[in-house]
Structure formats: structure tokens, C-alpha cells
Amino acid sequence: MDNYQELNIDQEFWNDFIVEAFEHIDDIETNVISLEQNPDDMEIIHTMFRAFHTIKGLSGFVEHTVIQNISHKTETLMDYCRKGELAVNTKIVDAILKSSDYIKRLCEDVDSYKDKSFLDQIEVLLKVLEDLANVEEISVEKPAPAVKTETEQDLQAEAPPVSSMEADVVEEKPSEENPTEEESVEEETAEEEPILVKRDLEAFVNEIFIIEDEEITSTDKAEAAKEESAKVEPTKTEPIKEEPTKTEPVEEELIKEEEVKTEAKVPAQEPVKEPAKEIIRPTETQKVEPKSPEVSSAKKIVSSNEDYMKVANHKIDHLVDMIGELIINQSLIDQYISSNYTQDNQLIVNMSGFLRITRELQSLSMSLRMVSFKSTFQKVSRIARDTIQELNKDVEFVTSGDNTEIDRVVTEKLLDPLVHLIKNAISHGVEENVQDRITSGKNKKAKVELNAYNKRGKIFIEVKDDGRGINTDIVYKKALEKGLIDPNKTYSEEEIKEFILLPGFSTAAVVDNISGRGVGMDVVKTQILKIGGKVNIESTLGKGSVFTLEVPVNHAIMNGTIIEMRGQYFIIPTMNVKEILQPHEEQWIFTQGKRTMLKVREDIVPIVPISIFFKGEKLEEHVPLVILLEVDGELKALPITNVINRQEVVVKPVGEEFSSLKYISGMSILGTGRVSLILDIDYLFKKEAKV
Amino acid sequence: MAITDQKLLTFSLGKEGYGVSILKVKEIIGMLEITPVPRTPEFIKGVINLRGKIIPVMDLRLKFGMEPQEYNERTCIIVAEVAINGNQRLIGVVVDMVSEVVNITSDQIEPAPEYGMSVEHNFILGIGKLKDRVVIIIDIEEVFLCDEIIKMLESV
């Protein structure tokens, strides 16, 4: 594989392959992190083994030999782990992660297999995988003498046991072993099965007798279940019980039994409920009797499979749009009816029934976009792991609440801030020196947590570390040095902590000396503000810090106050509206002949210059209303002509052609069908928001 | 865009006849309420709600430096598809009146003269000689992605 061979990838299946492969890669990534924490968890090892096995099969189908090779070798390694012949260690976890990374890259960039240096990396990985499988074989812990004396060649012959298992489906008795040469031949054909079978899922599931209790997500697992059933049945489970005491010197049989043992573990869960109907069943009864318990459970698998359907995001977005439009149209009709047909009771009753349905429809459509934090957390976990390894720190990374649901659009926006925060927590939060932790009476192993939860209709995401906390003295000095704050003002501890969110404030320079690692915390803040959220910092010196992100569940819906300026409607996020008042003439403060500030009780509030929106225009002589806006405790006054309404509005992003208009953060369609601009309040508070 | 046999949607601005390739046109709608977007070039009239989609609208008269005309029942918005930074976007183009869809063959099309046109040269794909009249064939994408818009896109 020094030079790449032109692969003849089947385009038609390639896209399907990518989707499927990514799903398994995601699975692998999640599992591998938990595997590292519980290296003995057979369940995880099984799942991962199957994932690699499926990728191997699928890649064979699309004829991508590079991916096939990687997944094959990884699968082999996993197989040893699965059989308990190898103990999972960091090296193995690293190798698995690398495999999944490489496969990912090969999937993302179809042509990446042509890259020589990448191929070299793959070559190195393949070697590592082989070495891992070989070296550790010698130090096998299992007291199986036959295994210990096995030569390397024997091992490799046994390497693809799954393919032999697949072959077993057609076998009648387990003692009838296929010669090893045949196995490799059959491997090729057998691996194509998952896809072929996929075409006819339902018919296929009907053949399943044995049920895996775990969540079955793909057909190949069902496939595995089928194989398991076929395998276990003829052996009648007795050999399983005998196995530990048996010291059969015949290699093949021993291996066989070990497989049976591991495979049987899952199906064995079912008979607990139905002891009368053992899983023992002749292979021929593949036509299912409708009322056997296995069948009903098999149906369960079908339903859990069919409960999900993949739908393209843009379709959902379109659906949500159309329903939004429906609601607008409906409110137009509704308004017309209530002003013109007040006498027609039947019409009014029908209309209100209609309203109820559409409202339900709307909330349903919004819920379609809700996703859990799982994939976000998984990506963050991976980065956390890498960061910990890179910095060589002793840190435990824990996540909780990954089933919290949130709008997909919001999760996408949250990923970068979370990655920043996690990296910061690990590199700056956690003490550089373990000794520092010990002297301050903490656990040697630091802990960084990522928690998500739902409270008061908002989503909270905490990034928590038990490190050294924020030293406010240093932060203050640094902020002063950089000229970010007013030297004459005294700031509270809380305010000082917020300084690290200021643009131009590098945390790296303050808290430690690892230069280049300081990611702008202001980026975190800006991102979160953009989705209508907040960042809170709690920190105790020497104890640790908690960064809490508070974000709305649904980015697409916001409570907005609709105001009128110059005959035009604008929307202001209601959370930024502090007060609406009618200013008296004596409250105005003039500078250079212009109304620039307003005295509200004890506060002097600067006026937002109207020329931000209307170029070159000046404030009228008479300002009937002023809306007080608040961002982070700061106030600004916006002169307006009228307040129209306060309502939930559906936020739509600003089109690319208008993205340079900083004063708008989004657009929305009001009940009248009219488009209205949503003002970017944060921008109005920024210094650069000039005329 | 090479000029070959094609279908053109013809429309008028005052006395001038224009044509755009039908392939770029998604639909033609009557006048809708336009929400002005402040701080944009004058010819950008604002945004409209096209069945739940918010799309920008430009006034072709203003774009071509012609006298503005009050919108009436014949005023139309041609909804066209353009690529902005590689993304397909819909835009609305306000014209005085939409005429008809005509077939035009390449031998009916002459290259645009270098001067003497009210419209900037690079918008024009050619001059189409129809039976009874002459239309200026314009590239709607070029018209929209003019200097002003590009400046707006770049100043992000």
C-alpha cells in the first residue's frame, strides 16, 4: 500500500455508506470514551466490535479496500478484547480512536486515500493494531492452555470469527468446523449480507428468535442476533456451563465454545422472563409461530427500528416555515372574521377549532427540531480526552444530562463555546502541578464536569472544574494593564470575574503561561448572546470554577416587543426591555444642541442615536416614548414612536445579502404577514455602534 | 452565460423592453408589502414574505438609474434564483410590467453595443431582435451582485 491503488468506489452506494458509517463511528466514539472508564464492560466491547464489523462489511460493499482494511484489523483487535484474551488499555483505546478518525477522514474526503502521507499514517496504525493483537496475546490472562500455545498463524486464521459465525448460520452442527481456508473465502460473501438484508428488513426480522435486550439500532445487529440464535440452539447451552472447567486441548472447539459463551450472554437474558420457552429451538423453524414470546419481542425490535426515520434538516425547516406561514394566514382570516362576521356563531366555533389544531401542529413541528445533547457531548468528550492527554494531566471528565433536549440550531451554535470552555477548564482551571492539589487537600485526580439540565423553560449547561479558581487580583491587574476597564472605578469581585469575557483579554496570559492556548472567552460570550443566552461565572479561589451557559430551549422562538420607529415596525427581544416611559421635557440632557442623554430617576442613560438605523437622520423634536434597554446591567434609551405589541415571534436568520447590517440580529414575519426586523441589542451597546 | 436558443421572460421598464432567461425565474408575483431595510443601497427596497421565506427585493428602475415610478396594479415582482457566495438564494426584482415568455434563437441575438446604453454593460448578455420589438437581455445575477451588494457582503 505504498502507493495508492485507484479504488473503484460505487458512487451510488457511497453516499449511503457515508451516512451509515458515520452513525457507527459516532457510536464508536461515544462507546470508546466510556470503555476507557469501564474497560471490562463486555456490552460496550460487543457494540464496538459490531460497529467495526459492520463498517468492514459495508466498505467491502462499496469496494473501499482502505477502510475495509482498517476496520478489519480493528475488528480483529476488538475480537480479542471481546473474548477476554486482551485487556482493554489506553493503547487499545488510542488505536481504536485513531481507526475511527481515519475512517472518518476517508469518508469525509473521498480522495484522501490518494494522499501518500495519510496512507503512511494508516500503515502505521495498521501495524500498531497488529502489534497490539499479537504482543498482548502472549500475556493472556485466561487460564486456557490451548490458547497460550497457539502460534501466531493460528491466531490469524481465527481472526475473523464473525465471518465464521455467519457461515455457521448455514451449518447444522457446531462440531462441523469449516476448514480455516474456507473461512476467508466465505468472509467476502458473508460481509455483504448486512446491506442485502437491509433491503428487506421486516421479512428478515421475522426470522429472529433471540432477542437482545440492548437497544438494537441497525439491521446488522439483528443479523448478529440471528447468528447467535442459530449458533446457540444446537449446542443447547450446556457447553456454556461446562466451559470454565473444560480444558479441551482441541483448539478449534475451545474457540468455538468461547464464542458461544460470549454470544450466549445476551440471548440468555430473555429466558428469565419466559423460562418455559427456552431459546433452544431447531434451526429449521425459521418460520415463526405468531404467538411465541420471541416473536412479540422481535416485533418490539421492529418497532424500535421503525420509530426513527431520517429526515433531511431542510425538510423539517421547511415544514416549520410552512406551518408558521399557515398560522399567519390563519390569523389574517381570524382577524377578518372577528371584525366582519361577529354574528355568525358557527363560523366562529369552526374557526376556534381550527385555531386549536394549528397551534398543536405548530408545537409539534417545533418539537421535530429538538435533539438531545448526545452528539454534542460526545464531540466535546472526545476533545476533552485529547486535551487531557496532550497536557498530560490527571483529569476525570464526566458528563451528565446528555438526554436534555434542545433545538438543533442551538446545539450547533453551542459546540464551539463548549469546546472553548472545556479546554479552558482543563488547561487553565486544573492545576498545573499535582502537588498543588495535594497541598490544598484535593483529590490527586482533578474533575471536570459537563452538565446539562432544563430549568424554568431554559437550558443550563455547566462546565465545572475543581481546579484553582479565578484569581481576581490577577484578572483585575491584567484588565487594567490592557486598558479594558476604568482605573478610577471600584469593581466588585463578581464584576472582575466577568472581565475575562471582555474582548482582548487573554486568559492564557493571566492564569498560566501556556501561550497560544488561551481561547478568547469573549467569543464564547458573543456566541451565547447571539442565541439569546447568558454566561454566568462562579468561582472560588482554590476551589474551582463553574461556567454556566443559560440558553433558550428554542432559538427559533423569542418573546419580542414590537415597536414603531419612523413608521416602521421593529422587534426588540423582550428580555432586554427594562422599562417603557414617556419622558418629560426636563428629563432630557442636551449636548451640542442634541438630545443625547436621559435622566431616569438617579441614572443618566445615554440615548441610542437613531442614525444607527436611519442614516443621516436626526431625532425629532418631540419624542413621545423611550424604551429603556438593558444588557448586563447597563442601560440605554431608544426613542420610539409607539409600542405595538408583545408576542412570541419566530426568528429567522438574516439573509446573507444583509449580513453586514450589524444592527439587525434576525427577521420575523408578524401576524399580519409583514416582515419585521429584529434589532441586535448587544450591537447597540457596543462602542463601535457609531452613526 | 453563453447565448443559445432559449426562452426569455420579457418585461418592461417604462418604454424599454428587457428579457431574462426563464431558467433563472422561479415565479412572478404581484406587489406585496415591502418592509424597508434601512442602511442598504437605495435600489434595495427591502424584504418581503414569500410564503414564509424572507427574501430581499430590488427595484430595477432604481438600479438602472431611472426615475422611480409609483407602484400600480401592473407592477410585478419577478422572483429569481441567484447564487450568493455559492448559496442559492431567491431575490425579488420589481419591474413595471411583465409581458410574455418568448422563444429566441441565437441568430436573433446580437452582442450589446459598447456605449449608449442606460444599463451598465456587464449586465447585458445581448440584444434580442423579436418580430415586433427589441429586448435587452440581462443577466439577473450580475445585476444583483453589483458593486454595492458585493461591498455589503464583504464588509461582514
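Tutor: Before we compare helices, note that axes are lines fitted to C-alpha atoms, for helices over the stretch in contact, and that angles run from 0 to 180 degrees between N-to-C directions. Helices (H or I, at least four residues) and strands (E, at least two) are DSSP runs, numbered from the N terminus. This is a predicted model, in which local features need pLDDT of at least 70 and side-chain atom pairs count only at pLDDT 80 or more, while totals for chains, interfaces and linings use all residues. Residues are numbered from 1 along each chain as its sequence is written, and chains are lettered from A and ligands numbered from 1 in the order in which they are written.

Student: At what angle do helix α18 and helix α19 of chain A pack?

Tutor: Angles under 35 degrees count as roughly parallel, over 145 as roughly antiparallel, 65 to 115 as roughly perpendicular and the rest as oblique. Helix α18 (residues 374-391) and helix α19 (residues 408-429) of chain A pack at about 25 degrees, with their axes 10 Å apart, which makes α18(A) roughly parallel to α19(A).

Student: Which residues of α18(A) and α19(A) make the contact?

Tutor: Two residues are in contact if their C-beta atoms, placed from the backbone, lie within 7 Å. Among them are A:I383 and A:I388 of α18(A), and A:L415 and A:I422 of α19(A). Ala, Val, Leu, Ile, Met, Phe, Trp, Tyr, Cys and Pro count as nonpolar, Asp, Glu, Lys and Arg as charged, and the others, Gly among them, as polar; by class, this contact of α18(A) with α19(A) has 11 nonpolar, 4 polar and 2 charged residues.

Student: What is the strand order in the open sheet of 3 strands in chain A?

Tutor: Two strands pair if DSSP finds at least two bridges between them. The order is β11-β12-β13, with antiparallel pairing, and β11 (588-591) and β13 (603-606) of chain A stand at the edges, each with a single partner strand, so one side of each has no neighbour in the sheet. Strand β12 (residues 594-600) of chain A pairs with β13(A) over 4 bridges, and A:L598 stands opposite A:V605 in β13(A).

Student: How many residues of chain B are in contact with chain A?

Tutor: On chain B there are 23 residues in contact with 23 residues of chain A. The elements giving two or more residues to that side of chain B are β4 (44-50), β5 (53-59), β7 (87-95) and α3 (147-154), and by class the side has 12 nonpolar, 6 polar and 5 charged residues.
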